[in-house]
Amino acid sequence: MVLTLPPSGRKVLLSKALSKRKKVELVQLVLDLVGGDRRLIRELEERLEIDEPAGDLVEETLQAILDATKVDMKRLILQLQFRPCRLRDEFNCVLLR
């Protein structure tokens, strides 16, 4: 049996462990956890009130649009396979046009 602490208890332990770390270690920890996750990077930038340079704004806007409109074709096809044939046939007609 695994004993787990309630979320509030875990937060207290985490807070104590983090408070023992140096600032440099904390910064490195955050950067390691964020990695390349653009959603987390944007959230951190918002919370830290970081203004983007004008040159990066266009690139970041395009990347945000790509992220928001990203389609997982395998998942879409799998979902369409479980739909009634009529809808699947209409979708195939649209794709073939």
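Modeller: Followed along the sequence, the protein runs α-α-α-α-α-α, which amounts to 6 helices and 0 strands, where helices (H or I, at least four residues) and strands (E, at least two) are DSSP runs numbered from the N terminus. This is a predicted model, in which local features need pLDDT of at least 70 and side-chain atom pairs count only at pLDDT 80 or more, while totals for chains, interfaces and linings use all residues. Residues are numbered from 1 along each chain as its sequence is written, and side-chain values use heavy atoms, with hydrogens and water left out. The mean pLDDT (the predictor's confidence in each residue, from 0 to 100) is 78 for the protein, and 72% of the residues score at least 70. Confidence is highest in helix 2 (residues 23–34), at a mean of 93, and lowest in helix 6 (residues 85–96), at 56.

Helix 2 has 12 residues and spans 17 Å from its first C-alpha to its last, close to the 16 Å expected at 1.5 Å a residue, the expected span being 1.5 Å times one less than the number of residues. After helix 2 comes Gly-35, with a positive phi near 55°.

Charged pairs come next. Side chains of opposite charge can pair when their charged atoms come close. The whole structure contains 4 salt bridges, each being a side-chain nitrogen of Lys or Arg within 4 Å of a carboxyl oxygen of Asp or Glu. In one of them, Arg-38 meets Asp-67 at 2.8 Å, N to O. That pair links distant parts of the chain, since Arg-38 is in helix 3 (residues 38–47) and Asp-67 in helix 4 (residues 54–68), 29 residues apart. Arg-38 is partly exposed at 37% relative accessible area, and Asp-67 is also partly exposed, at 25%; here buried means under 20%, exposed over 50%, and partly exposed in between (1.4 Å probe, protein chains only).

Within helix 3, Arg-39 forms a salt bridge with Glu-43 at 3.8 Å, N to O, and these two residues lie 4 apart, about one turn of the helix. Glu-43, which is partly exposed at 34%, also pairs with Arg-47, their closest N and O atoms being 3.2 Å apart. Glu-43 and Arg-47 are likewise separated by about one helical turn, being 4 residues apart in helix 3, and Arg-47 is exposed at 65%. Shared partners also join Arg-38, Arg-42 and Asp-67 into one network of salt bridges.

Beyond the helix, Glu-49 lies in the loop between helix 3 and helix 4. Glu-49 has a positive phi of about 55° although it is not a glycine, and its relative accessibility of 68% counts as exposed.
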